Amino acid sequence: MSALRVRGRCWKVGDNIPTDAIVATANLFKPYEEMARHVLASVHPEFVLGVKPGDVLVAGRHFACSSGRAVAPKALRATGIGVVVAESFARTFYRNAHEIGLPILECPGITEQVREGDELDVDVEAGLVRNLTLGQTIQAVPPPPFLRGMLKAGGLHAYLELHGGEFVS
Amino acid sequence: MAPGDVVVAEVDTVIFHDLSLYLTGRTFEQEVKGQRILHPERVVIVFDHFFAPATEEGARILQANREFARRHGLPHLFDSGTGNCHYTAIQHGFIRPGAVVVGSDSHTPVHGGLGAFATGIGNNSIAALTLPYGTAWFRVPPTIKLLLQGSLARGVTARDVAQYLVGRLGEDWAGYKAIEYAGDLLPRLDVEERLLFPLMCIDMDAKAGYIEPDEAVAAYIRQRTAQSFELVRNDPDAVYESVQTFDVEEVEPQVACPPTVGHVKPVTAVAGEPIQYAEVGGTPGGRLGDLRRLARVLDGRRVHPDVRLQVVPVTREVFRQALDEGIIAVLHDAGANIFPASSGSNQSTNMGALTAGQAMISTHTRNFPGRNGSPEARIFLASTYTVAASALKGRIADPREFLE
């Protein structure tokens, strides 16, 4: 099961962050704990030094473009990040994150409404981001029911095990 | 079936390269606890990143892959030196019109240029569903139709047009959508040139790119497989989210500049940038047509002394044909270094690392900082003609002066 309600500190990165910046090819075959120590290091060096379990990563448009490797969301999860909220996601990452059970939320306008360090409360199922520091609520795009089911199960494999190898609508 | 519906489809071909097989194989055995691969004969494995590992890690990955293939009875393993994964799959007849093709290489949509539905899906998708059940899930995308009209100007190739579209439309323009390419430009291009459009649809974040297959595609496929196939035709009542027309006559040679693939400029705007490496290779380069174009520019000339020109044929068959045509001799005499059929400097897994301050221009697909060594190195992406002209001049150069 994935935690679909997350409360933590906001970390911010910009638009078009490639998966190469999440996990460089040189780190692709290292253990996740080691991979996690380099996540986003080239674009936000403080992130891996300060991130705490349950924190919220907020990104701009087209987050995690480039390679379609599922290692990218797995390495993000290994940092302790509870949820990624972005203006939009590259489609391969959007798919991979749900399949590995990492909660993510598409939220147009988010980068304008939260600051690095703000305390955020994210309800993935309801598609709501609450900025506790500023006292504002931002409406996001909740995942469609099929992907919500996958996320709730904890990913694609867990979903298939739960439903005997079948997809249920 | 309407956009937004989720479908579970039978998969005809799964393509792995050495990196994706290692990651997916580990997921299959360790996370999914997978026992049996339902259709081993539908799995195509090509070692194209490590063509001759220079590290123990590379050797270990290839060995683990060979053992995985043996353990699970996977018959189609093309070891190092065979070629780039997509062109090897095409060359050996694994792609046909109407086929459903998946792989976790993000450039898998290239096969849409042969009338297949092809898209990149993740390691977990393949490990948990495609390998054990032979299927994949898809959310049906809305389709945009792009009509490409007109003829190409001198020195301009499909690569320039595909890159121009990325710059013009944007890197997330087609997120979660499919693009069908049509228009009177396409029948004028040979089949492999057409593939550049679905190949680079990923740079606009499309899920898939597609070109309705014609007789030229049928002939191309028949040279590579004896298997029967149907030339799939579009539904007469197909619904498009939008139809957009582009006149390609005015398109000039285009260069994608750091830091992203969408940072595209006409070559005239970046000409003069010094480069130390030039490479023709990767999924959009190193085909027979590319090597012919490269030889046309290089014939009787010498690569600039400050530049290493690297040539990576896309398959062994291309290398052999280039030998027969005398192309390899022309490239060699011009000072080019010829590498084994592979994906070349992609991600600098086996070659192509750059240090801070260096620059490379290549036919590859990605230019994000750190993709090839130092994040302070710069990577430019362009057509074979532009790479060739730049290799001669030692600076990014307009190829048109060499194509009088």
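**Entry 1: what I have.** I am working with a predicted model, so everything below is computed from it.

**Entry 2: chain B overall.** I counted the secondary structure of chain B and got 13 helices and 18 strands. Next I looked up its radius of gyration, which is 20 Å against the 22 Å that the globule rule gives for 404 residues, so chain B is as compact as a globular protein of that length. Its C-alpha trace spans about 55 × 55 × 40 Å along the principal axes. How much of chain B is buried? Buried residues come to 58% of the 404. I also checked sequence separation: of the contacts in chain B between residues at least 6 apart, 78% join residues at least 24 apart.

**Entry 3: domains of chain B.** I noted the division of chain B into domain 1 (7-138), domain 2 (143-247) and domain 3 (254-402). For domains 2 and 3 of chain B I took the centres over C-alpha atoms, and they sit 24 Å apart. The contact between these two domains of chain B uses 17 residues of domain 2 and 14 residues of domain 3. On the domain 2 side, α5 (158-169), α6 (191-194) and α7 (196-200) of chain B each put in at least two residues. Which of them gives the most? That is α5(B), with six residues. I sorted the residues on this domain 2 side by class and found four nonpolar, five polar and eight charged.

**Entry 4: chain A against chain B.** Here I count 33 residues from chain A and 36 residues from chain B in the contact. On the side of chain A, α1 (19-22), α5 (91-100) and α8 (156-162) each supply at least two residues. The largest share of that side is from α5(A), at six residues. By class, I get 14 nonpolar, 13 polar and six charged residues on the side of chain A that touches chain B.

**Entry 5: helix α7 of chain A.** I went through α7(A), residues 145-153, and noted A:Leu147, A:Met150 and A:Leu151 as buried. Why do I say they line one face? Viewed down the axis of α7(A), the buried residues fall within an arc of 100°, so they line one face of the helix. As a reminder to myself, an α-helix has 3.6 residues a turn, so residues three or four places apart point the same way. I then asked what the buried residues of α7(A) pack against. They pack against α5 and α8 of chain A. Last, just after α7(A), I found A:Gly154 with a positive phi of about 110°.

Methods: Residues numbered from 1 in each chain as written. Chains lettered and ligands numbered in written order. Predicted model: local features only at pLDDT ≥ 70, side-chain atom pairs only at ≥ 80, totals over all residues. Contact = placed C-beta atoms within 7 Å. Helix = DSSP H or I, 4+ residues; strand = E, 2+ residues; numbered from the N terminus. Nonpolar A, V, L, I, M, F, W, Y, C, P; charged D, E, K, R; others polar. Domains from an automatic or database assignment. Rg over C-alpha atoms; globule rule 2.2 N^0.38 Å. Buried ≥ 20, exposed ≤ 12 C-beta atoms within 10 Å, placed from the backbone. Arc of directions from axis to C-beta.
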